[in-house]
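Visitor: Please show me how to read a model like this one, taking one feature at a time and giving me the general idea before the particular case.

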Amino acid sequence: MSFSGPVEDMFGYTVQQFENSEGKWVLIGSPLKGQPAKRTGDVYKCPVGHGPSSECIKLDLPEQTTIPNIHEVKENMTMGTTLVANPDGNGFLACGPQYGYMCGSQQYITGICSNVSSSFKVLNSIAPTVQECQQDMDIVIVLDGSNSIYPWDDITKFLKKFLAQINIGPARVGIVSYGDDVGHVFNLSQFTTTQDLVANAEKIPQRTGHKTMTALGIDTARKEAFTPERGARPGVKKVMVIVTDGESHDNHDLSKVVKACEDDGIERFSIAVLGDYNRQNKSLDQVKHFIDEIELIASEKKEDHFFNVSDEAALINIVDALGSKIFALEATSGNHTSSFEMEMSQSGFSVHTSRAGVMLGAVGAYDWNGTVVMQSGNSFKVPKKNTFHDPLVQKYEGMAGYVGYDVQSAYTQAGVFYIAGAPRFNHTGRVSIYRYDGENITITQHLRGEQIGSYFGSILQTLDVNKDSYTDILLVGAPMFMGPERDEQGQVYVYKISKDGVFEHEMTLRPVNQSCSSRNKNEPCGARFGTAIAAVPDLNLDGFNDVVIGSPLENDHRGAVYIYHGHKNSIREKYVQRIAAGGDGDKMKFFGQSIHGIMDLNDDGIIDVTIGGIGGAALYWSRDVAELHAEMTFDLNKINLQQPTCNIQGRDTVCVNAKVCFTYKIKSEKETSTRTEIRYSLTLDSLRAIARGRFRDTDDRKMQRNAIISHHLCTNHSFYMSEKLDFRDPLMVSLDFGLANEDSGPVLDGDLPTSLNKTIALVDCGNNDKCIADLQLKAEANISRLLIKASQEKFQVSINIKNSGDNAYNTRVILSTTENINYVKVEPKDKDCELNNTRVVCAVGYPFLKTNAVEELQILFEVNLLSVKKDIVINVTVTSDSEEALDKLKDNFVHISIPVKYQVSLKFTAMKHMKEDHIIIKEGEKWPDVFNNTSVIGEEMNVSYTIEKDSELESPPLQLNITFPYKTPAQNFLLYLTRISSTPTIHCQTDLVDPLKIKPSHIHTTKPKTETLSNYLLAEFSDKSLDLIVGAKLQNRDTALFQLSQRDEVREVKVQVSKEARGGIPLWIIILSILIGLLILALVIFALWKAGFFKRKSVEDMKEEMKDE
């Protein structure tokens, strides 16, 4: 049965089942009825039992819901947003949280609820947050009348329009004007009507003056205008409006005057007029300085108390904004007009009725921090402002938290607890649990959301699962919880309630994942699972109450609902039914937006569920619940082929008769007929590929039947055994059963099984049906000890099993090993072995090991380097399902122990770092006589050692011994150790580092001694070169488990030192060369003499002869 209405009216937003003397109804809320001009909303009553769909009747509740003596605003009141039945069953509450009223020009949205009788008449209207509009207020206007204000007519126009909004009587107005001095224009008590005030304000002259004494004007107004003599009233709200166009000449007093106003409780609105600044083209810095000064005058929340306009004519444009700020809280009791209390409370946004009374959620209260209005007797109590949010402790977290978005109560052995959701608290949401004694609220616990924007706490529902009158669980919806694809999947948190009233998280419910795709026409994508949660009395008649959860965005906004059955003191985590696509996504969408189910609407003795969506609602009749129990017995306890019981096709075999009995019962008290049709099937060896038996009726492993049952039914079915059997495991007979027609009539109890498995043992040990085996086990490894060098190290264990007794059924060899080896494989390959951690189980002689049979197998293992132990231990056991005498068990077990050592896996390197690999010392070269720093000793040689271990493998503790040529026999230094550095895990001996402690404050004088090369000469060499070798040896400190490879033990670093001889020619060569030269010269002279060279005439003689001629 379904009901439909306009989608644009949000018909179906809320639903409620209802019954009165006229019949049974479904109440449907339509909060936007009357849109678009007037969204007053309404509630429809829809009769049940008049065909598949019936015409719904509008109740016209907005017209009947009224509060006297106020100016009501029912447009947009959204009646039907909240719909809840009264706890006594007489009538219901329908609320319009957007109901408002006018205070002067200001509209307040306080909300209203209509208490409707069982005959659909409005008994009374509930609006506990509506307050009287009258609020006394003394307003003093401080006007700058200096010469720079121009033209003055614009000021009087501003005054006329502004003062015309003020209702003189509750409010009084005084005016103070200043220039060079200050004067009172009007006293607060001077006028009794708004008309007289406006008429005289138009005539106010400009005070004039060359100075702007703003501080003096404000202080005069504070001291004199707000006095009883000038009409001020004690206890009345004080408001001052300051209008000025320039920086004050007494700005040094301004801060002190503003503080005095604050101390006197005067709320200040300041207006900066920039006309003179713009006319004089003053700089931006000058304008900013002026604006900052006037803003200083305004009360806190500057955005509400400070205005600036471009010139005097623009003042007229801010009159409405200024008036709305000043008169924003005519109905409040606070001193600051910008602080909302209950004026925008929207009480009735959520409603909960219980034995303790009515709870009204008021999400807009206290600047949208929210609160819960509590019923106490015949009146309602509004909690104090900081009841749910302490701004001193939670300065920002609770701002606009929406406390009261949903409300509930819980009855426990520890008393009554009240529950309020605040889905915007700290952006993640919070649920507050508290006690209420009629006057005071005491918070006992907070439940917090885990994801920003999830709206945790927007939906609350308590449930008494086991019907003991105590609340068992609380369900908290977070419908906008983002799923893995960043879509609004939603989820519901289930909290279990202890006897002490402590709420503890038990489980989290989630919907079927909704994948977003291009086929989706509507946004957002997701499910919003948990948008509605309804407690429903015992749908499956198992004695436990149930839960229905709406998921309206599923299936591209068609919607779905999930049904969860109660069990013991909670609900089952897995849903039992998902009703999908109740809407079409067009004329009806968001199926699951609202849910209610507390009545049997079709008189069948079972609770029915009403599910609403936007555009309609549907009734889902609950089907009766039936119990179907089954039993199966056999005429044989064991099957022994040596004792045949029948002949099939000329072959003697064993036949077994299976008796199947059913018991059928209807749970509903009103159900009279219990006759129905059931179906059942029997299967032999359902877990095997090939069955070991067949039914005689079908000559197959499986048979199916339908049967009519009233209360009790038994049937017999015979099966026979196949010719070739294995006896590894018993024969299993499986029975599956259910109702033949699952689409109509009763449904089976989901908590009861619909299948049954029974087994019959198979034996083949003679007439006594007892198999007594005698197993003997031999096992040995192919190694006696092992040096493990790599993970590929393998060895095998040879196993021999012999059976000297009866057939040993399900014979198996079990090898339990230490963790330092891994199973690899079994030989021969036809053997079947299974590995479970460090346990290997191998089947032997499938399906049994015959008498005197022998089986041999080899198990291959490899080492596991991740586990280091000193021994490999393997315990081998042989066993079977057959019996074996106790004195024969001693040879069923073999213990193998193999001692092992591990070769350490590492990389050991040594590197030398020098400017020159070969040091050459020239002959005669001397080192400094004094060392004041190690850097002047000589060429520096850095040697680095790196030991790299496998991080995944265990290593022993290591020791590195480094040797180097330190001193000669004559105590000359060869290599001088200046420093050692290492990683943090290495600890080094440092007593040989810089033994002379050389530094500028501790110098060392060198005194080298001459030695020959054979004595490691350093100061003077007697040969060409010298090799200095630095050696390093790695030692294993855990020789019991580990062993180092020889190639990893020693590393050497060598540096060569050479001497260069002084240059020149030996003396004997020089002398010999001179003597040889002189000899050659003498021979040359002798030859020339022999040739007559020395007998020739001289040049002079030749000249004389030439003259004579």
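Visitor: Is Phe529 buried or exposed?

Guide: Buried means under 20% relative accessible area, exposed means over 50%, and partly exposed is in between (1.4 Å probe, protein chains only). Phe529 has a relative accessible area of 0% and is therefore buried, and Tyr562 counts as buried at 0% relative accessibility. Before we go on, please note that this is a predicted model, in which local features need pLDDT of at least 70 and side-chain atom pairs count only at pLDDT 80 or more, while totals for chains, interfaces and linings use all residues. Residues are numbered from 1 along each chain as its sequence is written, and side-chain values use heavy atoms, with hydrogens and water left out.

Visitor: What kind of aromatic pair do Phe529 and Tyr562 form?

Guide: A pair of aromatic rings is described by the distance of the centres and the angle of the planes. Rings of Phe, Tyr and Trp (its six-membered ring) pair if their centres lie within 6.5 Å, and planes under 30 degrees apart count as stacked, over 60 as edge-to-face and the rest as tilted. The structure holds 30 aromatic pairs. In one of them, Phe529 and Tyr562 stand edge-to-face, with 5.2 Å from centre to centre and 90° between the planes. Phe529 lies in the loop between β30 (503–509) and β31 (532–536), and Tyr562 lies in strand β33 (residues 560–564), so this pair ties together parts that are 33 residues apart in sequence. The names come from DSSP runs, numbered from the N terminus, with helices being H or I of at least four residues and strands being E of at least two. Elsewhere, ring pairs link Phe18, Trp25, Phe92 and Phe120 into a cluster.

Visitor: Which residues touch the most other members of the largest nonpolar core?

Guide: In soluble globular proteins, nonpolar side chains tend to be buried together. A nonpolar core is a set of buried Ala, Val, Leu, Ile, Met, Phe, Trp, Tyr and Cys residues joined through side-chain atoms within 4.5 Å. The largest one here has 54 residues, of which Ile799, Ile801, Ile874 and Val876 touch the most other members. If we leave aside neighbours within four places in sequence, Ile799 is in contact (heavy atoms within 4.5 Å) with residues including Leu777, Val813, Leu815, Leu857, Ile859 and Val876. A second, separate core of 37 residues includes Trp152, Ile155, Phe307 and Val309.

Visitor: Which residues of helix α2 are buried?

Guide: An α-helix has 3.6 residues a turn, so residues three or four places apart point the same way. In α2, the buried residues are Trp152, Asp154, Ile155, Thr156, Phe158, Leu159, Phe162 and Leu163. These buried residues pack against several elements, among them β13 (137–144), β14 (171–178), α3 (194–201) and α9 (319–326). Helix α2 itself (residues 152–163) has 12 residues and reaches 17 Å from its first C-alpha to its last, close to the 16 Å expected at 1.5 Å a residue, where the expected span is 1.5 Å times one less than the number of residues.

Visitor: Which residues does the UniProt annotation "domain: VWFA" cover?

Guide: UniProt positions are given in the numbering used here, feature names are shortened, and annotations may be inferred rather than shown by experiment. According to that unreviewed entry, "domain: VWFA" covers residues 138–322. Over this span the chain is 37% helix and 22% strand, with the end C-alpha atoms 16 Å apart. In the model, residues 440–504 are 0% helix and 43% strand, and their end C-alpha atoms lie 25 Å apart.

Visitor: How many disulfides does the count come to?

Guide: A disulfide is a pair of cysteine sulfur atoms within 2.5 Å, and by this rule the count comes to 5. One of them joins Cys661 to Cys714, with 2.0 Å from S to S. Its torsion about the S-S bond is about 115°, so this disulfide is right-handed. The pair links distant parts of the chain, since Cys661 is in strand β44 (residues 655–666) and Cys714 in strand β48 (residues 712–721), 53 residues apart. Cys661 counts as buried at 13% relative accessibility, whereas Cys714, at 33%, counts as partly exposed. Cys646 and Cys655 form another disulfide, their sulfur atoms 1.8 Å apart, and with 80° about the S-S bond their link is right-handed.
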